[in-house]
Amino acid sequence: MGRNDILKSIQALSARKTDAMYLNDFLLTWDKSADEIDATLQTAEILRAMRDHNISCSTFDTGLAISIFRDQSTRTRFSFASACNLLGLAIQELDEEKSQIAHGETVRETANMISFLAEVIGIRDDIYLGEGHTYMKEVARAVQRGHQEGVLPQRPTLVNLQCDIDHPTQTMSDALHLINTFGGVENLKGKKIAMSWAYSPSYGKPLSVPQGIIGLMTRFGMDVVLAHPSGYNLMSEVVAVAQTNSAQAGGSFTQTMRMEEAFKDADIVYPKSWAPYSVMEERTRLLQTGDHNGLKALEKRCLETNKQFIDWECTEKLMQTTRQGQALYMHCLPADISGVSCERGEVQASVFERYRVPQYTQAGYKPYVIAAMIFLSKFKNPAEKLTQLFERGRQRVFGSD
Amino acid sequence: MGRNDILKSIQALSARKTDAMYLNDFLLTWDKSADEIDATLQTAEILRAMRDHNISCSTFDTGLAISIFRDQSTRTRFSFASACNLLGLAIQELDEEKSQIAHGETVRETANMISFLAEVIGIRDDIYLGEGHTYMKEVARAVQRGHQEGVLPQRPTLVNLQCDIDHPTQTMSDALHLINTFGGVENLKGKKIAMSWAYSPSYGKPLSVPQGIIGLMTRFGMDVVLAHPSGYNLMSEVVAVAQTNSAQAGGSFTQTMRMEEAFKDADIVYPKSWAPYSVMEERTRLLQTGDHNGLKALEKRCLETNKQFIDWECTEKLMQTTRQGQALYMHCLPADISGVSCERGEVQASVFERYRVPQYTQAGYKPYVIAAMIFLSKFKNPAEKLTQLFERGRQRVFGSD
Amino acid sequence: MGRNDILKSIQALSARKTDAMYLNDFLLTWDKSADEIDATLQTAEILRAMRDHNISCSTFDTGLAISIFRDQSTRTRFSFASACNLLGLAIQELDEEKSQIAHGETVRETANMISFLAEVIGIRDDIYLGEGHTYMKEVARAVQRGHQEGVLPQRPTLVNLQCDIDHPTQTMSDALHLINTFGGVENLKGKKIAMSWAYSPSYGKPLSVPQGIIGLMTRFGMDVVLAHPSGYNLMSEVVAVAQTNSAQAGGSFTQTMRMEEAFKDADIVYPKSWAPYSVMEERTRLLQTGDHNGLKALEKRCLETNKQFIDWECTEKLMQTTRQGQALYMHCLPADISGVSCERGEVQASVFERYRVPQYTQAGYKPYVIAAMIFLSKFKNPAEKLTQLFERGRQRVFGSD
């Protein structure tokens with residue numbers, strides 16, 4: 001994007017209605033209007049282009065960004081840190097083990113206590129079904145109320161860094177990758193995307209990525225096909241969301257129990273393992289009661305069930321059946337690569353390797369997507385602010401051209 | 001506070017004598033003169049008002065702020081991070097487990113090694129009686145000497161984030177809360193504050209908050225009443241400090257073994273659990289010798305002793321006996337709330353809930369109090385520097401009004 | 001250094017050829033030309049002087065600095081944080097235990113995933129012989145390729161914070177200390193430096209410091225003597241490097257198995273313990289196979305072997321034999337001090353204490369050395385950028401004189 005294109009993009013952004021994003025959170029993509037989704041993607045691209053042109057996007061002279069990771073994370077952790085730093089915020093991680101939360105303190109209290117000077121709170125909470133999203137809403141309510149009551153001088157924005165239902169920072173990055181690969185959001189119309197289960201010798205992988213993908217990609221008029229073996233169904237509420245989205249946006253949403261059918265003539269394939277909903281439910285129960293033997297038994301049983309579907313692998317042969325044998329392969333990473341990270345996994349090594357650079361590119365959008373989510377929640381008129389940042393023209397790297 | 005009020009406050013601050021705070025630490029409030037206490041509270045309010053008016057308080061273009069937490073912390077950890085970030089400093093936590101300190105390195109050496117570019121060191125060390133304050137003084141001496149010897153280009157300021165004796169960032173926030181609640185420091189004269197022990201089904205809580213409260217509030221001409229069951233006395237040195245303060249400032253300092261007496265006609269009540277001094281002494285010995293069985297036995301014995309005083313609870317009934325039944329309830333948080341965080345605790349749930357917002361507001365002063373402590377140690381003429389910051393008028397959030 | 005001297009130093013720097021440092025890593029000092037070594041030392045001194053004159057060295061308005069510590073660290077951790085903060089970068093530590101790297105993700109992938117907005121990656125990996133340097137090269141290759149492929153918008157610089165072969169941030173600080181102590185790099189010619197093994201009641205200490213010292217100090221025309229008991233030899237490749245350096249730079253490189261011979265008439269002594277190469281090799285094997293009993297047996301055997309050389313101690317008596325009894329004592333810290341951190345160790349307490357301030361000063365160069373390594377990799381024309389920073393004249397501490 002050239003410097004003039006940045007101004008054109010800001011102009012285009014100004015036509016989007018984003019009022020409802022102001023002082024609001026980003027928890028589920030289907031909470032957001034079409035304009036808001038577009039605005040987020042456009043803002044991400046504008047911030048990326050400004051940084052590429054060595055224009056500082058630093059918007060906060062001081063201010064905290066809090067992260068709460070209730071599960072392991074590398075890429076999202078660094079993406080969140082990168083995004084917040086890009087905007088001038090300093091990261092402070094809440095390590096629940098080092099805090100006094102064990103004292104029996106309420107979520108309401110902790111949320112306020114850490115937020116006095118916080119602009120954003122990013123949370124990953126994807127282990128327990130029925131909990132992550134609920135927890136985020138509880139934190140959001142707490143800081144909303146704290147702000148209204150005058151306890152917090154500003155309303156910290158919540159950003160969902162993966163919950164039990166959705167993984168919006170991932171799927172929005174995926175969307176940006178598709179838009180840039182196919183030359184515009186309008187070109188996604190009618191494209192077939194296969195969100196398919198794939199075999200992995202592991203269990204307990206969250207459902208949030210496939211759910212997020214069918215919940216988001218159905219909004220661009222795509223033909224979204226969800227494929228998985230019997231028993232590996234997703235949350236029915238999210239499937240309903242996909243159906244509604246699809247009906248509204250055009251395109252289609254279909255389901256199949258055959259990977260081959262999903263891949264046939266697909267423009268994009270997203271083969272990825274996840275645990276059956278029923279297993280996640282039982283796992284949640286066992287984790288909550290601390291039943292270690294039960295967990296072991298469940299894992300063993302689940303891995304055996306998985307093995308029945310060991311042929312759900314994204315092979316070269318299967319890729320040949322896609323549109324002109326050239327479908328775009330996608331993954332949220334890290335992937336289970338056959339012969340590399342495991343004996344048999346989600347994808348054949350040669351397929352993964354061929355699409356390695358596109359995949360890394362796909363992951364690289366995440367910092368900008370997160371920064372856009374924050375930016376749009378902080379300014380009532382984001383296009384105006386971006387113009388001002390552009391015109392300020394402060395260099396990110398001193399003295400570079 | 002309006003913009004003009006900020007300038008008036010800075011003017012008022014300029015009349016305070018703060019020379020001795022320059023390049024000095026903040027370890028105990030009773031080390032500070034009345035002018036210094038006032039100046040700290042005023043500076044906190046000025047920084048808060050400037051931020052509220054979107055004026056950046058960033059004073060350091062670069063520089064480190066080091067935190068050392070030898071005990072769990074949430075609110076103080078985030079308050080310290082917020083304060084340092086507000087002034088432009090970057091937080092670097094010293095995790096003693098990840099460091100080479102286990103090699104047998106001296107405090108003197110470590111203190112210097114981490115401080116080459118550090119402006120401030122915040123320490124929490126409240127577990128061992130007789131150790132926390134001693135450790136802080138040792139660190140202070142080390143960096144003082146390092147600075148004199150030319151090893152350190154600047155003298156890092158030490159801020160006590162809670163030791164075995166005092167918890168000045170907490171009590172100074174409490175004082176600011178009182179000043180703002182009662183409409184000025186002059187209105188605290190003659191107000192009765194009950195610093196009372198309260199029951200909690202836990203043991204080993206530090207003495208630093210009650211000690212800090214009687215050590216500080218006796219300076220404002222208040223009628224300070226310390227109440228606790230027999231055996232739960234505080235350090236006698238601090239009680240002596242309270243007596244001396246009170247004699248100098250007017251007001252009174254009295255002790256009682258009846259909670260009811262303390263609450264009677266009180267304007268402010270601060271019911272909070274702590275461990276008996278003798279138990280803390282024994283606990284320190286047992287922790288140092290690693291006597292786990294001894295610790296378990298002590299905990300059991302202490303909890304049983306505590307139970308004798310289970311009726312030391314801040315109930316609605318007791319609150320009715322305070323001045324017009326409307327005393328301000330205070331707590332340093334988190335509180336042990338009956339029926340919420342435990343079966344029977346320090347405070348009845350309805351009392352806590354009624355004072356929830358004031359309590360959160362009370363906690364919200366801490367970042368500014370810490371920032372003020374740092375600021376006053378860094379500038380010989382803080383009023384002049386604040387005026388310059390005000391006139392610089394740099395926006396904290398870009399382009400906001 | 002006065003303000004005018006800063007400009008003179010920048011002028012001198014401009015004569016150095018540093019093109020090959022641009023977008024390159026700093027892994028081993030012997031990978032760098034004489035001009036590059038000199039430029040790094042000069043840039044460190046310029047940055048230090050600018051900070052001393054309250055001129056901000058902040059070069060990055062935003063940007064991440066990643067640290068990966070695979071071994072404990074205090075001083076290097078804080079030096080790296082200080083250096084990155086000095087240049088305006090925000091630290092984000094990769095905690096491999098909290099990441100998804102355990103999923104079997106490749107180094108290539110992780111290196112890219114964390115680096116989208118990263119300017120520098122600092123790595124300590126010194127536990128396994130044959131691994132640390134190899135790992136750093138692998139990370140470097142990964143980000144180099146990621147940058148070429150367009151995945152990373154900038155090429156993060158790798159800085160070796162200690163590997164199995166070299167410890168360049170330490171030895172470059174040591175060199176700066178020598179230069180400033182002896183009044184210029186030209187005065188190091190012909191000076192005798194004794195890099196000697198010393199006794200310590202510990203085992204498994206890395207070889208990187210002694211290797212780094214003989215690999216670097218032989219470049220300044222010094223008479224470098226390496227002394228150690230039989231069996232405590234260093235990597236033969238590095239000894240070969242020292243021989244080659246010495247032949248090129250003048251001066252000499254000799255080896256002895258007598259500490260006394262090394263100390264005789266030495267201008268500088270660097271007595272420090274390390275493990276025999278063969279022990280490190282065996283330890284690496286045992287660590288990799290998780291053979292705990294084998295490790296215990298090895299430690300016991302090694303400590304017993306060590307004890308044979310308990311008289312390899314830097315005593316006052318030995319110091320008397322150095323040049324006029326006044327050799328400069330050096331250590332990378334923390335030292336094993338007889339009667340302080342252990343019964344018998346590397347150095348007599350009175351010797352250590354006498355040289356305490358010089359040693360702390362020596363350690364204090366590290367932040368600036370690291371900042372210089374980063375700076376030279378980021379700008380093609382570092383002298384021009386330093387001039388611009390100087391002329392910008394932004395204050396590091398607001399309003400200070």
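Q: In which loop of chain B does B:P334 lie?
A: In this predicted model, B:P334 belongs to the loop between β9 (328-329) and α13 (349-354) of chain B. The peptide bond that leads from B:L333 to B:P334 is cis, with omega near -5°.

Q: Where is C:P334 found, and what is the form of the peptide bond from C:L333 to C:P334?
A: C:P334 sits in the loop between β9 (328-329) and β10 (337-338) of chain C. The bond from C:L333 to C:P334 is cis, with omega near 0°.

Q: What makes A:N54 count as buried, exposed or partly exposed?
A: The partly exposed class lies between the limits for exposed, 12 or fewer, and for buried, 20 or more. A:N54 has 16 C-beta neighbours inside 10 Å, so it counts as partly exposed. The residue is located in the loop between α2 (34-52) and β1 of chain A. Phi of A:N54 is near 60°, which is positive although the residue is not glycine.

Q: In what order do the four strands of the open sheet in chain A stand?
A: The order is β2-β1-β3-β4, and the pairing is parallel. β2 (90-93) and β4 (157-160) of chain A each have a single partner strand, so they stand at the edges and one side of each is left without a neighbour in the sheet. On average, neighbouring strands of this sheet are turned by 25° against each other, direction ignored.

Q: How do you know that β1 and β3 of chain A pair?
A: Pairing requires at least two bridges between two strands. Strand β1 (residues 64-69) and strand β3 (residues 118-124) of chain A are joined by six bridges, in the parallel sense. One pair of bridge partners is A:I68 and A:I123, the latter in β3(A).

Q: Which helix lies across β1, β2 and β3 of chain A?
A: This is helix α3 (residues 75-86) of chain A, which runs at about 170° to β1(A).

Q: How many residues do chain B and chain C give to their contact?
A: Chain B gives 28 residues and chain C gives 30 residues. On the side of chain B that touches chain C, α4(B) supplies the largest share, four residues. The residues of that side divide into eleven nonpolar, eleven polar and six charged.

Key. Residues numbered from 1 in each chain as written. Chains lettered and ligands numbered in written order. Predicted model: local features only at pLDDT ≥ 70, side-chain atom pairs only at ≥ 80, totals over all residues. Helix = DSSP H or I, 4+ residues; strand = E, 2+ residues; numbered from the N terminus. Axes fitted to C-alpha atoms, helices over the stretch in contact; angles between N-to-C directions. Contact = placed C-beta atoms within 7 Å. Nonpolar A, V, L, I, M, F, W, Y, C, P; charged D, E, K, R; others polar.
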